[in-house]
Amino acid sequence: MSSISFINKHLGKYRYLLVSIIIATILYAGINLLSSLIFGFVIDNVISQNPVESGIIAVIAGFLGGVDAIKGNLWKVASLLICVYLAVAVLMSYRQRMQGVVSEKLVENIRNDLYSHIQHLPYSYHVKTKSGELIQKCTSDVDMVRRFFAGQLAEIFYILATAIIALYILYSINFKLALIASISLPIIFLYSYFFFKQVQKQFLLSDEAEAVMSDVIQESLSGIRVVKAFNREKYEINKFLKTSANYSEITYKMIRYLGIYWSSSYVICLLGILSVVVAGIFAVRSHDLTIGNFTVFVSYQTMILYPIRQLGRIMTDFGKVTVSLKRLVDIINEQEEDLISGLKCDLNGDIEYRHVYFGYDGQEVLKDVSFKIKQKQTVAIIGPTGSGKSSIAYLLSRLYEPDRGDIFINGYNIKDLNKNYLRDNVGIVLQEPFLFSRSIAANLKIARPDLDEEKMHEATRIAAVHDVINSFDQGYGTIVGEKGVTLSGGQKQRVAIARTLIKKTPILIFDDSLSAVDTQTDAMIREGLKQLHGNTTTIIITQRIASAKDCDLILVVENGRITQSGTHEELIAQPGLYHRVFAIQTREEDDGEVNN
Amino acid sequence: MADKFEEKDFSSEGLNLKVWKEIARLFKPFYKKLLILILIQVVIALSEVIMPYLNMISIDTFASGEGSDQQLLLFIVFYFAIIVVIGIINMFYFNVSGKVEMGFAYYLREKCFRQLQSLSFSYYDTTPTGWLLARMTSDIARLAEVIAWSMVDMAWGIPLMLFSCIVMFSTNWLLGLMVLLVVPLLAYVSFVMQKMMLKAYRGVRKANSKITNSFSEGINGSKTTKTLVLEEYNYQDFKKDTSEMCAVSTKAAKVGGTFRPLVNFISSLTLALIIWIGGGLASANVIGFGTLVMFIQYAQQFYEPIRSISMIVADFQLAQASGERIIHLLNSEPAIVDTKEVIAKYGTVFAPKEENYEKIKGDIDFKNVTFEYIKGETILNNFNLSIKAGHTIALVGETGSGKSTIVNLICRFYEPTKGELLIDGIDYRQRSIGWLHSNLGYVLQAPHLFSGTIMENVRYGRLNATDEEVYSACKVVNAHDFITNLADGYNTDVGEGGSRLSTGQKQLISFARAVLANPSIFVLDEATSSIDTETEQIIQYAIENVMKGRTSLVVAHRLSTIVNADRILVIKHGTIIEDGTHSELMAAKGYYHQLYTNQFNEEKEARILKESFES
């Protein structure tokens with residue numbers, strides 16, 4: 001998708017409103033120029049009694065009943081002026097209000113699309129993307145686009161329409177003088193455009209200096225214990241002041257640049273006006289120009305020059321808008337995962353992995369993994385960090401797809417299944433679960449909003465976290481997550497376990513999700529799980545033998561391969577990793593504390 | 001969702017004079033520059049008032065054919081001179097305003113940073129770093145910007161309107177009156193709409209921060225979202241936020257989009273009046289065309305300050321909120337301060353009198369110490385403990401048992417609520433915070449390094465240490481080898497927060513830092529989570545070397561690190577339930593014995609798994 005079609009799509013039917021805004025803007029730019037013409041008309045034709053020459057003036061004069069009818073009845077002109085101003089005000093107000101509507105609707109659509117899209121991007125995208133950068137794009141880049149449509153776009157049309165119409169009128173009044181009036185326009189435009197291009201470097205330098213300063217503050221605050229323990233308050237202040245002074249200096253330099261631009265461009269504009277004034281004086285003296293038209297020249301010159309200067313700035317900003325748009329389009333162009341097509345079959349049954357291979361970033365993670373799990377079994381997958389045991393679990397809920405081989409649940413190949421449905425039936429508790437910034441109750445009910453209190457407490461009791469939650473002042477109403485109470489790693493894991501239990505899925509996976517829980521609580525939770533499940537197949541991924549010991553089946557994973565499988569009794573009877581670990585554990589128990 | 005977290009809106013409704021009084025007090029060092037700025041603005045206003053007057057002369061005097069060529073030349077030169085003056089004074093204005101903005105921001109940042117360094121841990125416990133950072137950066141930037149630019153805009157608007165009045169009334173009082181005729185109406189409209197606009201903008205800001213939060217959650221929680229199939233649920237939730245945002249923003253745009261055209265229209269009514277009345281005067285030759293044109297220009301210029309007032313008021317509202325937050329920070333009282341007498345003798349942490357620091361031997365005594373973090377929640381009650389200089393003491397217990405509190409009290413990160421804590425027999429409050437901390441070595445389990453090189457990080461322990469001393473400190477903790485094996489050796493950049501090093505390496509450097517400080521009291525706070533076996537092996541050697549010959553306190557989670565301690569204290573609910581050496585406690589077969597056996601087995605398992613993986 002290109003930037004243009006991106007905007008077009010999200011504008012939807014509001015693109016017509018945008019067109020009407022631009023038409024209204026051009027209209028009022030034109031009408032706005034009328035008032036100066038009317039002043040000139042009053043001076044030249046009404047008061048000085050010169051004959052009416054130009055077309056527009058003749059129309060105005062005719063509209064008011066001819067020049068003679070106006071003389072002595074200037075209230076007629078005043079009323080006409082009021083009508084002109086009213087028309088300008090109405091059109092301008094239309095532009096500003098509708099700009100708000102269009103830009104807000106546009107970004108609402110963009111935001112919704114972005115959010116939904118990001119939600120639907122595959123797991124692998126989220127693993128490799130830096131979340132901070134992504135958030136930055138979704139907020140500041142979107143705002144950049146909003147600002148462009150909330151004013152700058154129509155402003156470009158306003159400035160161009162004003163300049164073109166005004167110049168047309170000026171050229172039709174006096175060609176030579178109009179030529180003089182036009183000279184400063186390209187000068188001031190190019191001057192502004194190239195100045196802001198240049199000054200962007202200064203902006204960048206200032207931003208960088210600010211980032212350095214923020215980093216020092218951030219580090220000093222997050223390491224405040226170290227700072228205080230080492231008595232380094234004074235040192236920190238000196239370090240901070242250096243970066244703060246540097247930032248102030250660079251930014252001040254930038255402000256001075258802006259000052260030079262501001263004052264010099266102001267001078268250019270004023271010189272442009274002075275040249276028109278002087279040339280105008282001579283033209284009036286030599287009767288090439290009436291006094292009324294002289295005032296038209298002076299006021300038009302003023303009305304064009306400052307906006308043209310502004311145009312230079314808008315055009316440099318436009319460069320930034322296109323960059324922002326490009327970044328947003330890049331996100332949208334990432335492939336979403338298909339969650340809704342595919343079969344919805346009964347998944348109460350056995351699980352089978354058949355010659356599954358899987359890798360990412362060119363690294364082979366799983367090699368020829370095959371095993372069968374019977375329904376209602378509790379299975380442990382044990383192995384060292386990095387052995388690939390978590391990947392086995394992710395493949396089952398299709399967070400990742402295997403490179404080769406197939407996985408079956410109840411005889412159905414999971415690649416034919418509807419992903420939403422599959423994940424609704426395969427509950428995974430991640431090792432580092434995320435809790436949303438809302439109450440604990442809301443976090444628990446997130447997957448089952450209709451859940452009653454009793455069922456919720458049942459789940460939290462099994463996850464051994466009910467008492468912990470009740471010990472908080474606000475109980476289940478305690479806000480957690482980024483902006484709330486910070487839970488310990490173990491507490492978070494247990495809330496996440498309860499949250500998954502609530503879904504009552506036929507398959508449950510614990511991805512090392514008891515690692516931050518102490519051994520006793522771990523045992524308690526496993527005991528609780530046993531009572532809960534009549535029909536549930538449970539897979540426990542762990543590094544602890546204690547967690548695996550009582551399982552119906554234990555799979556030992558080493559270097560991406562399943563090297564051993566069987567029950568605890570079977571595994572300790574054969575040589576291998578499991579036996580070695582177990583042997584050492586029992587020896588310790590025999591030897592007791594003498595070992596030290 | 002009703003029970004979602006909503007950010008507290010800090011900005012107060014109306015004008016808060018108390019806040020501005022405080023800001024004015026903080027701004028005092030810049031009064032002189034402010035005065036210059038006001039003068040500059042008066043000159044700028046004056047020059048802008050002269051322009052229409054010059055245009056009048058150009059029409060009435062020169063275009064009409066009067067005035068000699070010499071006078072015309074003089075006029076052009078004068079006009080040109082005014083332009084040059086405008087150019088120079090505007091450049092000057094940017095320079096001074098820029099100086100005020102950056103100077104005031106720098107001044108405030110220094111003040112706030114000093115304050116942050118003096119605040120105690122109890123403050124940091126309740127205030128997230130992110131909030132403090134926002135105060136130090138965006139809040140201060142906004143306040144300084146508004147004061148240096150928007151406030152000065154007012155200094156331009158008032159003289160502009162005043163000078164315009166003078167010129168207008170002295171030229172023709174009737175036309176002058178015409179220009180001023182709509183002022184009451186305009187004031188009324190501005191007042192009414194201003195309130196509506198401020199309210200609308202506040203709504204927009206609130207909705208906006210909600211959207212930012214939603215994005216942040218949606219992105220940070222995306223993995224969990226996938227496992228729970230919440231994509232659609234989250235999206236529906238988010239759509240509510242965006243449609244609310246769209247509604248309030250559109251409303252704000254509508255109010256704002258009415259204000260400016262309305263003000264424009266009302267102020268241009270005066271133009272109609274001038275053409276009507278002024279046109280009549282001109283036909284009757286009472287005034288010249290130039291005067292008529294001049295009044296038309298004044299009628300437009302006069303209302304410019306009023307048109308920009310909506311932006312200025314909105315700026316001030318934001319600045320007031322920022323100011324409130326900054327002042328709140330500056331007015332926070334540090335919980336731990338030295339008495340006047342102590343400061344007189346030992347100085348402050350910023351200006352210490354190190355010559356008066358006594359050497360610490362290392363005897364520590366808790367005398368009937370009671371402590372509570374929050375009033376009414378007692379952690380330690382009448383706690384007594386005596387530690388001999390040079391001993392290594394290990395503190396063992398569950399999370400919340402009070403073991404970290406004991407260490408925090410010794411470090412004087414907190415002070416006893418009741419009772420006293422003696423170091424070398426004297427209540428430590430009779431000596432300064434700086435005295436204690438300059439004799440303290442402190443290592444956290446999650447090591448905190450600062451950006452910079454390894455050399456700089458180690459030297460943090462003693463700033464005037466030579467390179468040789470840094471090397472030998474690193475050798476003591478066995479870090480020298482891995483450091484010299486790095487491509488840049490001691491000049492290796494550790495990255496932000498030490499991110500380019502492994503946890504074990506960071507830990508070693510934080511030990512070397514503590515060794516270099518050569519402290520009398522050494523504290524190892526193992527915090528909460530466990531470290532992996534690999535790291536543990538690396539640091540075990542370092543710990544033992546560091547503890548030699550000093551009073552050492554170890555808050556232990558990993559028991560294998562403390563078997564050689566002189567005393568192990570098992571803490572439960574703020575009391576010591578077991579006290580003795582490792583073998584004494586193991587023989588007693590109590591709580592410690594059980595804890596140790598469990599952990600030992602688990603660690604062995606993990607090690608075997610690890611070894612098999614590596615082989």
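How many helices and strands are there in chain B?

## Overall form of chain B

In this predicted model, chain B contains 21 helices and 10 strands. Its radius of gyration is 36 Å, whereas the globule rule gives 25 Å for 615 residues; chain B is therefore more spread out than a compact globule. Along the principal axes, the C-alpha atoms of chain B occupy a box of roughly 120 × 65 × 55 Å.

Of the 615 residues in chain B, 41% are buried. Among the contacts in chain B with a separation of 6 or more, 81% are between residues 24 or more positions apart.

## Domains

The domain assignment divides chain B into domain 1 (16–172 + 316–335), domain 2 (173–286) and domain 3 (360–389 + 398–439 + 556–615). Taken over C-alpha atoms, the centres of domain 1 of chain B and domain 3 of chain B are separated by 57 Å.

## Helix α7 of chain B

Helix α7 of chain B covers residues 183–220, 38 residues in total. From its first C-alpha to its last it reaches 54 Å, close to the 56 Å expected at 1.5 Å a residue.

The buried residues of α7(B) include L186(B), S190(B), M197(B) and L198(B), as well as K210(B), F215(B), E217(B) and I219(B).

Strands β9 (residues 567–572) and β10 (residues 575–580) of chain B run antiparallel and are joined by five bridges. One of the pairings involves I571(B), whose bridge partner in β10(B) is I576(B).

The two strands, β9(B) and β10(B), form a hairpin with two residues between them. In the turn, H573(B) has a positive phi of about 45 degrees.

## The interface between chains A and B

Contacts between the two chains involve 130 residues of chain A and 127 residues of chain B. On the side of chain A that touches chain B, helix α10 (residues 233–285) of chain A supplies the largest share, 31 residues. By class, that side of chain A has 67 nonpolar, 39 polar and 24 charged residues.

Notes: Residues numbered from 1 in each chain as written. Chains lettered and ligands numbered in written order. Predicted model: local features only at pLDDT ≥ 70, side-chain atom pairs only at ≥ 80, totals over all residues. Helix = DSSP H or I, 4+ residues; strand = E, 2+ residues; numbered from the N terminus. Rg over C-alpha atoms; globule rule 2.2 N^0.38 Å. Buried ≥ 20, exposed ≤ 12 C-beta atoms within 10 Å, placed from the backbone. Contact = placed C-beta atoms within 7 Å. Domains from an automatic or database assignment. Expected span 1.5 Å × (residues − 1). Pairing = 2+ DSSP bridges. Nonpolar A, V, L, I, M, F, W, Y, C, P; charged D, E, K, R; others polar.
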